[in-house]
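I opened the model today and kept notes on what I looked up. The entries follow in the order I made them.

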Amino acid sequence: MKIRNLICSTAILPLASFALASTAYAEAAEAQPSDPVSTDQPPASEQPSGQGEIIVTARRVKENLQTVPLAVTALSQEKLSSNGLFSPLDFNALAPGLRTANAIGDRSNVIFSIRGQSFAFGQTFPAVIPYFAEVPILQQFFTGSYFDLENVQVLRGPQGVRFGRVTDGGAVLLQPAKPKNEFGAYIQATVGNFGLNTLEGSINIPIVSDKALLRVSAQRARRNGFTLNVGSGKYLDDVNYDVWRVGLTLRPFEGVENYSVFQLNTAHENGGSSIFVYFRPSVYAGTANFAAITAELAAQQARGPRQTLNGSATFSPDYGIYSNRRQLFAANITTIDISDDIQLRNILGYTRTKDFKGWDNDTSGLPITDVVSQFLPRADNDHRSEELQLNGHSFNRMLAWTIGGYIDRQAPSGLFSQDLYRAPNMFTSFSRQYTKSRAAYGQAELDLSRAVTEGLKVSAGVRYTKDENTTFSSISRRSSLSDYFSPSYLHGICNPSQPCTTSQVSSKTTTYEFGASYKPSRNVFTYVTYRKGYRPGGINTLITSIDPTGRFEPEFVKSLELGVKLNGHLGEASYRLNIAAFHDKYVNIQKRINYIDPASGAPSTSLLNAADAVVKGIELESNLYIGNFDFALTSAYTKAKFDQGNVDVATLFNPVDGACNGEAPRNLGFCPFNRFQNTPEFQLSVTAGFTLPLNPAIGKIRLAVDAYHESSVAYTDNSLLHPGSVGNPHTIGNVNLSWTGVYGSNVDLTAFVSNVTNEVYLVGANSSAQRASSGVTGVTYGPPRMYGISARVRFGGS
């Protein structure tokens with residue numbers, strides 16, 4: 001009873017009662033005994049004698065990266081900021097097996113993919129979950145949270161027996177910088193081309209030494225867009241957001257710590273661009289739109305990749321293209337040291353996301369399929385979670401164990417809808433989705449060094465999860481835009497002219513993990529792990545004549561991973577080399593299909609359990625330090641293929657409803673000959689750095705050059721049906737010059753150039769090119785060459 005009361009009292013110290021949410025702790029850095037949570041590996045310029053030990057918390061305990069029996073990548077804030085204003089797309093070059101892409105017409109909405117597993121529009125839960133301050137973010141995780149971080153950790157493969165939500169792809173853990181027991185502050189300004197100007201800063205104040213510690217951070221980012229919408233005259237793909245963050249650590253008693261963090265992220269941007277690259281002639285032949293769409297494709301080809309015609313003045317002066325968002329985040333973590341060997345942790349979290357957005361879904365500038373949403377936000381949801389966890393050691397610390405429980409809930413916070421204009425009709429759709437997840441988990445690792453042989457450990461973990469989903473959904477057709485804009489029209493609610501369909505689904509399962517590791521010497525570590533992952537089933541938000549039940553079942557994966565981690569010295573050189581090989585077998589994998597509902601004529605999308613699949617590959621990370629030179633190389637080979645063993649090719653390609661026939665008027669089912677979305681077969685990143693041999697009084701000057709290459713990438717789930725949606729192989733190069741401690745001062749200067757060769761490459765595409773949909777392909781291109789300089793001034797302990 002005393003422990004329970006202590007948890008409750010310390011949890012409300014910072015702000016009494018603020019909503020809920022939870023999970024996944026990530027902290028990486030140079031280990032220092034005086035710091036309860038270390039930060040990531042310092043840059044090479046700060047490592048004259050080698051690499052240093054990297055401490056991570058991927059398993060909810062502080063461990064040396066080189067002895068964690070999982071594929072983990074740890075990234076410092078310095079690495080994230082090396083190319084100016086960080087974009088999640090930069091992750092592609094930083095962590096093998098991880099890939100990020102943009103949703104079409106929406107650069108603020110980033111899709112994470114690991115080992116072939118991603119997120120499809122309509123899925124309730126992503127395969128790769130981002131965590132912020134140990135709390136999973138199940139809704140959109142917007143850009144703007146990647147500053148003033150202690151570190152980022154990327155966990156590859158199924159997760160769930162140690163913390164948070166269960167996943168079948170992986171997790172990306174962001175840990176904001178926590179308050180420290182010393183005064184410190186910094187302010188940093190960055191300017192560059194395209195009108196780039198950002199201002200960020202942080203101040204750390206020990207209100208009461210070692211008892212009450214406060215950290216306040218903020219970032220203001222502005223940058224002009226680089227794609228002109230010739231219709232509205234506005235530049236799309238701009239940056240205009242503000243982020244405020246407050247962290248408070250309270251230590252009211254010995255062995256008790258309460259940490260709270262609050263963040264508000266707001267943005268008011270012109271929206272993302274999409275470039276029209278293809279239309280299917282059979283969809284428009286003989287229609288009034290054929291001449292117009294043929295002329296528009298020719299006009300777009302003449303404009304090139306940095307101009308477009310998106311939207312229409314029919315909707316608004318901005319042509320219906322815009323992006324306004326607001327995300328409020330709060331987390332509270334209470335840690336109680338019950339004894340030297342047992343620790344209790346409670347993690348609460350809350351996220352509310354409100355997203356106003358409009359984009360040209362068909363990308364052509366013609367009234368084919370435009371997402372308008374002029375009256376209500378496209379999304380307005382909140383997510384709450386709670387996790388209680390007990391960690392400890394037993395039997396003279398031979399056994400390390402974790403047990404815990406996790407619950408979360410998602411629910412609408414207000415009215416929202418998605419309104420699609422397909423001339424001459426306006427289709428108004430909305431859904432109210434309520435989800436609940438409950439889970440219990442446990443994991444243990446036994447050190448057999450005394451009983452069997454030095455350096456041998458075995459581990460096992462299990463999790464039971466139950467998920468529930470209730471959805472109210474509706475779609476209605478209005479005969480004209482004037483009807484849609486009529487004051488008497490009821491938006492976003494169930495009513496006689498827009499009745500709702502109610503659907504419910506639940507799923508429950510047991511997932512597990514078994515592993516063994518062996519450290520035969522100080523510099524060699526090997527491991528093997530076998531895991532089962534799971535992604536819940538759900539309900540399609542639109543009930544259509546093609547998909548009358550609207551339900552899809554859970555997907556499962558069984559994953560085998562083998563790894564070796566090496567580090568040490570070769571003469572005067574020091575090195576680190578980590579290799580992981582994996583084989584993942586998926587059952588009932590969830591994929592999306594697009595179509596025009598024959599009954600209503602509405603553009604529709606449904607998720608279904610498409611097929612079984614095998615994803616296998618090998619990933620490599622390496623660092624080498626020789627004197628003032630440092631080198632890094634990461635690479636990944638991923639072979640992903642849907643099961644094609646028992647397919648009927650004639651049925652799949654038949655001209656009436658074949659799933660693999662883009663000319664069929666209907667596509668029933670999923671085509672197993674599609675490529676995996678956002679999964680290049682090969683990725684390679686190389687970095688070379690040199691620190692000038694200068695007098696320390698001058699400061700440290702380091703020049704770094706890096707290049708990232710990837711093979712071709714499919715940007716939709718249905719690449720066989722969508723010409724133009726596969727990106728070609730490309731290589732991106734960047735240069736960074738940093739001067740730390742200019743002439744012994746607290747001033748740091750950085751100059752950077754990203755995409756040095758001004759490469760034009762894809763980062764996203766829509767999925768509507770088949771005859772059974774709108775018959776067009778639009779793409780999103782990556783940023784052009786950008787350059788700039790930044791200056792940081794540090795005060796006190798910063």
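What share of the 798 residues in the protein is buried? I found that buried residues make up 59% of them. Buried means under 20% relative accessible area, exposed means over 50%, and partly exposed lies in between, with a 1.4 Å probe and protein chains only.

**Ground rules**

I noted that this is a predicted model, in which local features need pLDDT of at least 70 and side-chain atom pairs count only at pLDDT 80 or more, while totals for chains, interfaces and linings use all residues. Residues are numbered from 1 along each chain as its sequence is written, and side-chain values use heavy atoms, with hydrogens and water left out.

**Overall make-up**

I looked up the secondary structure and got 6 helices and 44 strands. Helices (H or I, at least four residues) and strands (E, at least two) are DSSP runs, numbered from the N terminus. For contacts with a separation of 6 or more, I read that 70% are between residues 24 or more positions apart. A contact means heavy atoms within 4.5 Å. The protein exposes about 29,600 Å², and carbon and sulfur atoms supply 59% of that area. Accessible areas come from the Shrake-Rupley method with a 1.4 Å probe, and for residues only the protein chains shown count as cover.

**Disulfide**

I searched for disulfides (a pair of cysteine sulfur atoms within 2.5 Å) and the count came to 1. C660 and C671 form it, with their sulfur atoms 2.0 Å apart. Both cysteines sit in the loop between α6 (649–652) and β36 (682–691), 11 residues apart. The angle about the S-S bond is 100°, and the link is right-handed. C660 counts as buried because its relative accessibility is 4%. C671 is also buried, at 1%.

**Salt bridges**

I counted 34 salt bridges in the whole structure. The rule is a side-chain nitrogen of Lys or Arg within 4 Å of a carboxyl oxygen of Asp or Glu.

- R60 and E134 meet at 3.5 Å, N to O. R60 lies in the loop between β2 (54–56) and β3 (63–64) and E134 in the loop between β7 and β8, so the pair ties together parts 74 residues apart in sequence. R60 and E134 are both buried.
- D148 and R215 have their closest N and O atoms 2.9 Å apart. D148 is in the loop between β8 and β9 (149–156) and R215 in strand β13, 67 residues apart. D148 and R215 are both buried.
- E681 and K639 meet at 3.7 Å, N to O. E681 is in the loop between α6 and β36, K639 in strand β35 (residues 629–642), and they are 42 residues apart. E681 is partly exposed, at 33%, and K639 is partly exposed, at 37%.

I also found R115, R156, R531, E561, E619 and E621 linked in a network of salt bridges.

**Aromatic pairs**

How many aromatic pairs does a search of the whole structure find? It finds 19. Rings of Phe, Tyr and Trp (its six-membered ring) pair if their centres lie within 6.5 Å; planes under 30 degrees apart count as stacked, over 60 as edge-to-face and the rest as tilted. F86 and F91 are edge-to-face, at 5.2 Å centre to centre with 75° between the planes.

**Nonpolar patch**

Strand β12 (residues 196–208) gives the largest share, 5 residues. V208 lies in that strand and counts as partly exposed because its relative accessibility is 42%.

**Positive phi**

I checked two residues other than glycine with positive phi. A133 has phi near 55° and is found in the loop between β7 (128–132) and β8 (135–136). A133 is buried, with a relative accessible area of 0%. D210 has phi near 65°, in the loop between β12 and β13 (212–223). D210 is partly exposed, at 39%.
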